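Please read the following walk through the structure with the model open beside the text, so that each residue can be located as it comes up.

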Amino acid sequence: MIELRTQVESLGDRVLGAVDLAGEFFLLGVQTIRAAFRGDFPVHETMVQFDALVVRSTAIVTLTALFTGMVLALQTVVSLTRFGAKPYTGSFVGLAFVLELGPVLTALMVSGRVGAGITAELGSMAVTEQVDAIRAMGADPVQKLVLPRVFALTFGLPMLTSLAYILGIAGGALIAQQYGITTNFYLQTVINVVTVNDVLESLSKTFVFGWMIATVGCYLGLKTTGGTVGVGRATTTAVVVASIGVLVSNFFLAKILMLV
């Protein structure tokens with residue numbers, strides 16, 4: 001009986017802890033929005049973060065999109081040849097890349113690189129009391145540290161995803177050409193199947209992904225305690241939470257967009 005009571009109390013503490021964390025996370029989101037409309041927008045710091053978080057992620061997104069498009073086209077053209085449907089390779093690769101692979105793979109790669117970097121940077125500032133020093137000087141850490149990163153990644157991730165669309169489809173064209181499908185025909189099949197609405201719906205998800213990755217990184221960074229060990233633990237947690245958040249939210253966003 002005592003053991004059952006202990007387990008119930010432990011479960012209750014975990015549920016309350018999870019609710020408390022969720023509340024703090026969304027409170028940080030609200031504070032970020034309020035900071036954006038408070039005036040004195042940190043334009044220079046936002047541009048610095050855009051360069052660090054978005055521009056410097058171009059290489060990893062390029063390699064991921066190009067090689068994913070190539071292997072997807074390779075598997076597709078070989079499989080479709082068995083059924084005499086090889087000409088549909090471009091249609092399949094275009095739809096798969098625009099609807100799912102482009103936004104999700106880009107978000108996951110950026111989450112691994114940028115999410116960990118944000119948490120490590122802010123976590124190091126938190127454990128060395130630099131965040132407390134900002135508060136002591138009368139400044140708002142949310143406006144100084146969180147807003148530039150969230151703004152840069154929320155509006156930068158759709159740009160990286162657009163680049164991934166182009167490179168993924170281009171990688172597929174390179175492979176399709178080797179199997180007798182001309183580049184003009186391949187691109188025409190992509191254009192015939194992928195609509196403007198598909199692209200807009202797909203890009204709309206990446207605004208949510210970018211906001212989520214940056215906010216998770218900032219939240220866990222500012223909550224970091226325990227010195228360098230705590231920074232390492234928070235960094236790992238940020239990557240895991242942001243990646244799972246991208247995958248889970250992708251499903252629900254896809255369902256919502258289908259109903260609209």
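In this predicted model, S111 has a relative accessibility of 0% and therefore counts as buried, since the cut-off for that class is a value under 20%. The residue belongs to helix α4, and, once residues up to four places away in sequence are set aside, S111 touches A116, I213, V239, A242 and S243.

Helix α4 runs over residues 89-127, a stretch of 39 residues, and spans 52 Å between its first and last C-alpha, which is close to the 57 Å expected at 1.5 Å a residue. Just after the helix, E129 adopts a positive phi of about 65 degrees.

From the helix we can turn to the pockets. The largest pocket has a volume of about 390 Å³, and of the 17 residues that line it, A22, F25, F26, V216 and V241 are the ones that lie nearest its centre. Three helices, α1 (2-36), α8 (196-222) and α9 (227-259), each contribute at least two residues to this lining, with α9 giving the most, namely 7 residues. What is the make-up of the lining of the largest pocket by class? Its residues divide into 14 nonpolar and 3 polar ones, with no charged residues among them.

The second largest pocket, for which the computed volume is about 240 Å³, is lined by E24, L27, L28, Q31, R135, D140, P141, V142, Y219, L222 and K223. Here α1, α6 (141-178) and α8 each supply at least two lining residues, and the largest share, 4 residues, comes from α1. By class, the lining of the second largest pocket consists of 6 nonpolar, 1 polar and 4 charged residues, whereas the lining of the largest pocket has no charged residues.

Terms used. Residues numbered from 1 in each chain as written. Predicted model: local features only at pLDDT ≥ 70, side-chain atom pairs only at ≥ 80, totals over all residues. Heavy atoms only, no water. Expected span 1.5 Å × (residues − 1). 1 Å grid on protein atoms, 1.4 Å probe; cavity = no way out; pocket = protein on both sides within 12 Å on 5 of 7 lines; lining within 4 Å. Points joined across faces, edges and corners; volume = space filled by probe spheres on them. Nonpolar A, V, L, I, M, F, W, Y, C, P; charged D, E, K, R; others polar. Buried < 20%, exposed > 50% of the residue type's maximum accessible area, 1.4 Å probe, protein only. Contact = heavy atoms within 4.5 Å.
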